[in-house]
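Visitor: Could you walk me through this structure? I would like to begin with the terms.

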Amino acid sequence: MELLDFLLDTQASIREEVTKELAPGEPPVPAEAVFSSHVMTHMADQGITFEPTSCHYEAKVGSSKVKVSGYAVSDTTDERGYPDRLDLFVSLYRGAETLEQIPDAEVGRAARLGLQFLKFSASGKLSRELDETNDVYPLVVEVERVFESLDDIRIFVITDTVARTRNYAPQIVEGKQVRLEIMDLQRLYNHWQQGRARDELVVNFRDLCGTALPSVWVPGREGEEYDYALTAIPGEALRHLYDRHGPRILEANVRSFLGVGSKGVNKGIRDTLRDHPDRFMAYNNGIVVVADAAQLDRASDGSVGLLWLQGMQIVNGGQTTASIYFAKKKNADIDLSNVRVPAKIIVLRDGQADDEELIAHISRYANSQNVVRQSDLSANKPFHRELERISMRTYCPDGVGRWFYERSAGSYKVMLEKEAATPAQRRKLQAAIPPYRRLTKPDLAKYLFAWEQKPHVVSLGSQKNFQAFMDALAERELAGGEVVPSQDDFKRMIAKAILFKAAHKTIRPLFPAFQANITAYTIAILAMKAEDRFDFRRVWQEQAISPQLQRQIADWAVEVNEALHRGSGGRMISEWAKKPECWSTTRDAGYSPLRQDIPEILGG
């Protein structure tokens with residue numbers, strides 16, 4: 001797909017979401033908010049950022065303008081429980097139907113709006129200006145509280161235009177370095193066209209180490225899936241890679257169980273780094289890396305060397321990598337100059353392998369010496385394979401449309417390319433299976449757990465919620481329960497997806513922030529109130545929820561929002577919502593009675 005086609009598809013998708021099933025007199029969700037939410041969610045899915053929260057705020061503070069469109073904080077914390085990384089997002093949305101190249105000066109102005117927001121929040125100036133009822137107030141107070149603990153701060157300008165420059169010099173805010181990055185249309189296109197963001201991550205070892213890495217290179221034979229190399233990566237280079245890319249350098253299938261963080265520093269690794277750094281290579285099993293491409297050159301000693309890797313991902317050894325990083329971070333006197341980490345590198349051959357399946361198996365077997373739950377490598381589980389098969393043969397009541405279960409990343413795009421040879425065929429296929437009917441594994445877990453009255457787990461974010469969902473599935477399987485879904489199960493799941501999506505669409509324009517948390521909690525309240533009387537068959541048949549149910553959701557959302565704020569005690573709602581006690585408190589709050597005219601409630 002060309003860049004212009006990608007832009008037009010993106011804008012069409014945004015328009016469709018803004019206007020889809022808009023009730024008379026209902027204000028549309030701003031297109032900029034939809035765009036920002038899509039981009040932030042995509043970045044989190046690809047490991048570029050953490051679990052994001054939309055939070056749109058734009059104002060003038062004194063003589064300066066400030067703006068923020070969303071934020072994400074890391075799961076890793078210091079000894080006080082304060083996060084050590086913060087990302088802020090500033091949207092620069094045009095809604096253009098033609099390719100626009102945006103001037104550097106305009107990108108700079110957008111970045112300054114985010115920098116000013118950060119500066120005034122960190123200094124306490126913004127919290128003094130804001131009313132406590134403002135939805136951005138908890139974020140401002142949180143930034144002020146944890147600013148000193150932050151080791152890594154990034155501001156992303158996200159835009160539907162093409163940037164001239166993508167590399168910007170870091171800025172200093174209140175004594176801390178802040179990195180500026182731009183997520184423009186070209187970068188988004190590069191991500192989506194490949195179905196995974198790792199393709200753009202290029203690691204140049206000459207830049208990192210001063211030379212290509214001396215390696216043993218074993219080319220694969222004709223028809224084989226990969227080439228192979230053995231090398232040793234300097235500890236300082238590995239530390240730099242984690243510092244620069246964070247969890248993004250760790251392969252997505254295993255990222256959830258690696259336990260990276262300041263509390264996860266392995267004592268043996270730390271002691272070896274401190275006392276016997278020259279023995280690290282002898283003591284450590286090393287890491288396993290996959291990459292999409294590699295370039296060979298000569299190392300400084302004249303031997304064969306590995307110059308760069310494109311799409312580098314560490315599929316085994318994430319704990320080693322993170323432990324080296326955190327050991328140095330917590331003990332500045334540790335010298336990594338003599339540390340070498342053995343590395344096995346697998347370079348995938350284009351067109352010779354099902355990349356995602358091969359990587360999943362590499363992850364599984366490379367990690368077999370550790371305690372690895374099968375749910376962590378989930379794409380090939382029977383539950384997901386059967387859902388994929390059912391989705392391919394189950395049509396909506398109109399006999400034309402279908403829902404698409406995306407078992408592996410990028411498979412929706414691959415399906416469009418394989419089954420549509422011409423633009424006309426592609427449009428027809430997209431009309432039958434539009435993007436809003438694409439259902440990912442984390443999405444499904446979110447919809448199901450919200451209805452199962454676990455909104456606090458949903459609020460942990462897509463990766464942790466999905467892990468909890470897979471753990472529950474494994475427990476049911478161990479207990480002898482049925483886990484492979486039927487077609488009726490699939491329709492019921494889709495009905496829950498329709499319900500959640502409709503609720504989120506109803507709730508989003510009502511609140512400027514924390515809509516995702518409010519939606520999860522409101523669905524949980526509905527599940528509690530409706531008990532087993534909810535008619536999911538009707539939702540499947542209609543492929544929508546009734547106006548009466550929409551009004552009930554809107555009413556309860558306001559009450560849920562009030563309950564969340566009352567219980568938070570001034571804490572950021574997105575953090576408070578993760579606590580089991582938040583669900584206990586919110587569940588027991590008073591709510592208006594269930595309407596009697598809702599057709600989805602049997603016997604209502």
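Guide: Buried means under 20% relative accessible area, exposed over 50%, and partly exposed in between, with a 1.4 Å probe and protein chains only. This is a predicted model, in which local features need pLDDT of at least 70 and side-chain atom pairs count only at pLDDT 80 or more, while totals for chains, interfaces and linings use all residues. Residues are numbered from 1 along each chain as its sequence is written, and side-chain values use heavy atoms, leaving out hydrogens and water.

Visitor: How many salt bridges does the structure hold?

Guide: There are 25 salt bridges, each being a side-chain nitrogen of Lys or Arg within 4 Å of a carboxyl oxygen of Asp or Glu.

Visitor: Which residue forms a salt bridge with Arg 407?

Guide: Arg 407 pairs with Glu 388, and their closest N and O atoms are 2.9 Å apart. Arg 407 lies in the loop between β17 (404-406) and α15 (411-419) and Glu 388 in helix α14 (residues 382-393), so the pair ties together parts that are 19 residues apart in sequence. Helices (H or I, at least four residues) and strands (E, at least two) are DSSP runs, numbered from the N terminus.

Visitor: Are Arg 407 and Glu 388 buried or exposed?

Guide: Both Arg 407 and Glu 388 are buried.

Visitor: What about the pair of Lys 67 and Glu 32?

Guide: Their side chains meet in a salt bridge of 2.9 Å, N to O. Lys 67 is in strand β2 (residues 64-73) and Glu 32 in helix α2 (residues 31-45), 35 residues apart. Lys 67 is buried at 11% relative accessible area, whereas Glu 32 is partly exposed at 26%.
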